[in-house]
Amino acid sequence: MLFLTLFLGIILNMLGYIPPGNINLTVVQITITRGIRQALYFIGAFSAVEILFTFGVMRFVQWLSSEINLEGTIDIVMVLMFGVLGVLTWKSRKEMPKADYSKKDSIRYGMLLGVINPMQIPYWLFVGTYLISHEWIDIGYLSLTIFIIGSCIGAALALYGFARFAQYIQEKFALSSYIVNKSIALLFFALSAYHIVKITYIHWIK
């Protein structure tokens with residue numbers, strides 16, 4: 001049973017990081033502009049903080065989903081977050097990558113985004129409620145801890161895959177940091193626009 005719980009944590013969190021979002025796009029950007037080593041520092045720090053993040057969401061998932069309407073708030077946060085990331089990335093599109101980057105900077109950045117990770121909240125509210133209600137996992141400390149360790153491994157594996165893919169693409173097509181930063185900035189703006197349209201539809205059209 002505990003092995004199944006660990007396996008579920010790995011698979012479900014890997015799936016959660018496949019759609020384009022602030023975390024996997026940031027990993028791609030760091031890999032191409034700073035190198036694979038800095039991306040690995042970022043992934044390690046982010047995955048470590050993911051343990052606390054997932055524990056908090058899963059421990060209170062039923063209460064959160066029944067007592068607080070988070071959907072509108074999360075959409076607003078994501079509009080602002082993607083907008084800010086888009087502006088920062090766009091402004092840095094013409095900057096040449098530095099020869100050396102601090103390991104601490106990548107670790108701090110990973111920890112920061114591990115705490116500010118609103119895209120995963122609705123995902124875990126849905127998945128967590130489903131798993132608990134269908135008794136695939138229980139909320140006892142041992143089972144939940146095993147599940148969260150699995151989710152940490154799953155996040156790290158998914159992001160490592162993005163980092164290796166970005167490294168391969170860079171080597172294959174010799175992408176410049178200008179092209180990468182510009183493309184990622186446009187994706188951030190597109191994700192921000194998507195949530196603006198979603199908020200508009202829900203509150204003024206629907």
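## Basis of the model

The model is predicted: local features need pLDDT of at least 70, side-chain atom pairs count only at pLDDT 80 or more, and totals for chains, interfaces and linings use all residues. Residues are numbered from 1 along each chain as its sequence is written, and side-chain values use heavy atoms, with hydrogens and water left out.

## The chain as a whole

The chain has 9 helices and 0 strands. Helices (H or I, at least four residues) and strands (E, at least two) are DSSP runs, numbered from the N terminus.

Of the 206 residues in the chain, 43% are buried. Buried means under 20% relative accessible area, exposed means over 50%, and partly exposed lies in between (1.4 Å probe, protein chains only). A contact means heavy atoms within 4.5 Å. Among contacts between residues at least 6 apart in sequence, 91% join residues at least 24 apart.

## Helix α2

Helix α2 covers residues 22–34, which is 13 residues. From its first C-alpha to its last it reaches 17 Å, close to the 18 Å expected at 1.5 Å a residue; the expected span is 1.5 Å times one less than the number of residues. G35 follows α2 and has a positive phi, near 110 degrees.

Among the buried residues are N22, I23, L25 and I30.

## α2 beside α6

The axes of α2 and helix α6 (residues 103–115) come within 11 Å and cross at roughly 170 degrees. That makes α2 roughly antiparallel to α6. Axes are lines fitted to C-alpha atoms, for helices over the stretch in contact, and angles run from 0 to 180 degrees between N-to-C directions. Angles under 35 degrees count as roughly parallel, over 145 as roughly antiparallel, 65 to 115 as roughly perpendicular and the rest as oblique.

Residues N22, I23, T26, I30 and R34 of α2 meet S106, Y109 and L113 of α6. An α-helix has 3.6 residues a turn, so residues three or four places apart point the same way.

## Two nonpolar cores

A nonpolar core is a set of buried Ala, Val, Leu, Ile, Met, Phe, Trp, Tyr and Cys residues joined through side-chain atoms within 4.5 Å. The largest one holds 14 residues, and Y17, I23, F42, F46 and L159 touch the most other members. Helices α2, α3 (36–59) and α8 (141–173) each supply at least two residues of this core. Its largest share, 5 residues, comes from α3.

Leaving out residues up to four places away in sequence, I23 touches Y17, F42, F46, L113, N117 and L159. A second, separate core has 13 residues, including F53, W124, L131 and I132.

E50 lies in helix α3 and counts as buried, at 0% relative accessibility. Its side chain makes a polar contact with the side chain of Y17 (3.0 Å). A polar contact is a pair of N or O atoms within 3.5 Å; within protein, one must be able to donate a hydrogen and the other to accept it, and residues adjacent in sequence count only if both atoms are side-chain atoms.

T54 is also placed in α3, and at 0% relative accessibility T54 counts as buried. T129, in helix α7 (residues 120–133), is partly exposed at 28%.
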